[in-house]
Amino acid sequence: MASVRLGRLIANNTAFFLCDMQEKFRPMIRYFPEIITVAQRMVKAANILEIPVVATEQYPKGLGSTVSEIDVSKAAVYSKTKFSMVLPEIEDFLSTRKDLRSVVLFGIECHVCVQQTALDLLAKGLDVHVIADGVSSRSLTDRMFALDRMRQCGVFVSTSESILFELLGNSKHEKFKEVQALIMTSAPDSGLLSKV
């Protein structure tokens, strides 16, 4: 019987990848404020759970830095012109993390940089978890088909809250109350149910 990949998330072998949440994209990306809210929550949770955060900025000279609402002071931040986040510096990061099995991926644009990053990480044998309520594009059609394609390729698509509870695993986790405080208010609506 073939084994089924479950994509279980365990904090000590997981990294969070924040893709290109930059100022110049603010007026163009659908549900950008809502995606910022989810990204804030995820970065704060990563800091609480001591999960490394890797962030990229696409051509920051022209597109600006990561939005000020997201605190990336504890993250490794890399500039890029390539669409995928998998740069030589990030490959170095991956190679030093021998126990890394899973990457939780969120940011923009879903159908370009997020999708290409997900595919590159899958090709490296990693489990990739894309946060459905933490990604967007200029077009919701592009986002919808990118999520479908990534799922077809083996990406696990889930929500921010589901991922955080899976990383905790138990209400007796020593950091449960801190993480629970981040999700006491549900994630904002980011238009995911518009096709229902």
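Which residue in strand 2 is the bridge partner of Cys-19? In strand 2, Thr-56 takes that place. Helices (H or I, at least four residues) and strands (E, at least two) are DSSP runs, numbered from the N terminus.

This is a predicted model, in which local features need pLDDT of at least 70 and side-chain atom pairs count only at pLDDT 80 or more, while totals for chains, interfaces and linings use all residues. Residues are numbered from 1 along each chain as its sequence is written, and side-chain values use heavy atoms, with hydrogens and water left out.

Six strands form an open sheet in the order 3-2-1-4-5-6, with parallel pairing. Strand 3 (76-80) and strand 6 (156-158) are the edge strands; each has a single partner strand, so one side of each is left without a neighbour in the sheet. From one strand to the next the twist averages 25°. Two strands count as paired if DSSP finds at least two bridges between them. Strands of a sheet pair through backbone hydrogen bonds, either parallel or antiparallel.

| Strands | Sense | Bridges |
|---|---|---|
| strand 1 and strand 4 | parallel | six bridges |
| strand 1 and strand 2 | parallel | four bridges |
| strand 2 and strand 3 | parallel | five bridges |

On the strand 2 side, Phe-17 is bridged to Val-54. The chain passes from strand 1 through helix 1 to strand 2 in a right-handed β-α-β crossover, a term that applies if, with the strands pointing away from the viewer, the path from the first strand over the helix to the second runs clockwise. Val-54 also stands opposite Ala-76 in strand 3.

Buried here means under 20% relative accessible area, exposed over 50%, and partly exposed in between (1.4 Å probe, protein chains only). In a regular strand the side chains alternate between the two faces of the sheet. In strand 1, six of six residues are buried: Thr-14, Phe-16 and Leu-18 point one way, and Ala-15, Phe-17 and Cys-19 the other way. In strand 2, six of six residues are likewise buried, with Val-53, Ala-55 and Glu-57 pointing one way and Val-54, Thr-56 and Gln-58 the other way.

Ser-102 lies in strand 4 and is buried, with a relative accessible area of 0%. Not counting residues up to four places away in sequence, Ser-102 touches Arg-8, Leu-9, Asn-13, Thr-14, Ala-15, Leu-126, Asp-127 and His-129. Contact means heavy atoms within 4.5 Å.

## Nonpolar cores

A nonpolar core is a set of buried Ala, Val, Leu, Ile, Met, Phe, Trp, Tyr and Cys residues joined through side-chain atoms within 4.5 Å. The largest has 36 residues, of which Phe-16, Leu-18, Met-42, Ile-70 and Phe-106 touch the most other members. Two or more residues each come from strand 1 (14-19), helix 1 (32-49), strand 2 (53-58), strand 4 (102-108), helix 6 (160-168) and helix 7 (176-182). Helix 1 gives the largest share, eleven residues. Apart from this core lies another, of 27 residues, including Val-54, Val-86, Val-128 and Val-130.

Leaving aside neighbours within four places in sequence, Phe-106 contacts Phe-16, Phe-17, Leu-18, Cys-19, Ala-39, Met-42, Val-43, Ile-131, Gly-134 and Val-135.

## Helix packing

Axes are lines fitted to C-alpha atoms, for helices over the stretch in contact, and angles run from 0 to 180 degrees between N-to-C directions. Angles under 35 degrees count as roughly parallel, over 145 as roughly antiparallel, 65 to 115 as roughly perpendicular and the rest as oblique.

Helix 1 and helix 6 pack at about 10°, with their axes 11 Å apart, and are therefore roughly parallel to each other. Val-38, Arg-41, Met-42, Ala-45 and Leu-49 of helix 1 make this contact with residues of helix 6, among them Ile-163, Leu-164 and Leu-167.

Helix 4 and helix 5 (residues 140-153) have axes that come within 9 Å and cross at roughly 5°, which makes helix 4 roughly parallel to helix 5. Contacting residues include Val-114 and Ala-118 of helix 4 and Ala-146 and Met-150 of helix 5.

Helix 3 (residues 88-96) lies across strand 1, strand 2 and strand 3, and runs at about 165° to strand 1. Helix 4 (residues 110-123) packs on the sheet, where it touches strand 1, strand 2, strand 3, strand 4 and strand 5 (127-136), and its direction makes about 165° with that of strand 4.
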